[in-house]
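Dear colleague,

Please find below the structure that I am handing over to you. My findings follow directly after it, and I would be grateful if you could read them alongside the model.

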Amino acid sequence: DTDEVFTYEFKNAYSAIPEDADAVGLYNGNTLVAEYNIPESKQPDYGDEEYRCALMSDVHFNRYYDDDLNDWSVQAWDEALNFVDDIDVGRNFLTGDLSNQGEESAYEKFNEGAAKYPDILIYSCMGNHDVSWTGGYAEKIARFKKMINKNKNKDKNVLDIAPNNLDFVYSENNDVFIFFSQQMAVYSPKRKIVLDEQLNWLEKIMNKYAI
């Protein structure tokens, strides 16, 4: 109910607007300050859906327990995967921290939960908790490579695997996902959390798949 004319633009080219959206709301906290209709000619049309992908992080098995010493993450992981399965999302990617300190038992719980949903493709990076700041980096990295992402070497959509057999590229419908893991756990200005050879590999991969 105003004669004012507004113009708008999205400053970020990667702003995500649902395909069925016909308006944009401006909020201050929980209060709707203004709402503008999106002209029909400007409403997003993303075409046919090609695939769906979920993103998760920080499952943290073996970190949080209830009073009966039940690992909270067991139920949380199952509920999360059940939700993804219910809405028919076939890929679930994680950014790391599956464990508390890179324990074998944590990865066993992770894999046991995932096995209940065989139709969901699951890949993960390695986070600082998986590397573990309690030491034994090489052992923890070897354990992660042995127990997590076990199918990547046979997956036709995994196009590149780094020499460390930890970092890799997954691609589908011309979209590229780079799984790039930490190899050190302690955050410090004097310590690298990724190695120079990893960065060299990443640079080559970024150049290879640049649009």
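Six salt bridges are found in a search of the whole structure, a salt bridge being a side-chain nitrogen of Lys or Arg within 4 Å of a carboxyl oxygen of Asp or Glu. Please note that this is a predicted model, in which local features need pLDDT of at least 70 and side-chain atom pairs count only at pLDDT 80 or more, while totals for chains, interfaces and linings use all residues. Residues are numbered from 1 along each chain as its sequence is written, and side-chain values use heavy atoms, with hydrogens and water left out.

One of the salt bridges joins K109 to D71, with 2.9 Å between the closest N and O atoms. Because K109 belongs to helix α2 (residues 104–115) and D71 to the loop between β3 and α1, this pair ties together parts that are 38 residues apart in sequence. Helices (H or I, at least four residues) and strands (E, at least two) are DSSP runs, numbered from the N terminus. K109 is partly exposed at 23% relative accessibility, whereas D71 is buried at 9%. Here buried means under 20% relative accessible area, exposed means over 50%, and partly exposed lies in between (1.4 Å probe, protein chains only).

A further salt bridge links K116 and D78, whose closest N and O atoms are 2.8 Å apart. K116 sits in the loop between α2 and β5 (121–124) and D78 in helix α1, so parts 38 residues apart in sequence are tied together here as well. K116 is exposed, with 53% relative accessibility, and D78 is partly exposed, with a relative accessible area of 22%.

D160 and K208 also form a salt bridge, at 3.1 Å between the closest N and O atoms. As D160 lies in strand β6 and K208 in helix α5 (residues 196–208), the pair ties together parts that are 48 residues apart in sequence. D160 is buried at 15% relative accessible area, while K208 is exposed at 52% relative accessibility.

The loop between β6 (158–161) and β7 holds A162, which is buried with a relative accessible area of 5%. The C-alpha atoms of A162 and I205 are separated by 9.5 Å, and the two residues are 43 residues apart along the chain.

Helix α4 (residues 137–147) has the buried residues Y137, K140, I141, R143, F144 and M147. They lie on the same side of α4 because they cover an arc of only 160° around the axis, the arc being that of the directions from the helix axis to the C-beta atoms. Exposed residues A138 and K146 are carried by the face turned away from the buried side of α4.

D58 has a positive phi of about 55°; D58 is located in the loop between β3 and α1 (72–86) and is partly exposed, at 40% relative accessible area. N173 has a positive phi near 50°; N173 is in the loop between β7 (168–172) and β8 (175–179) and is partly exposed, at 36% relative accessibility.

I hope that this account is of use to you.

With kind regards
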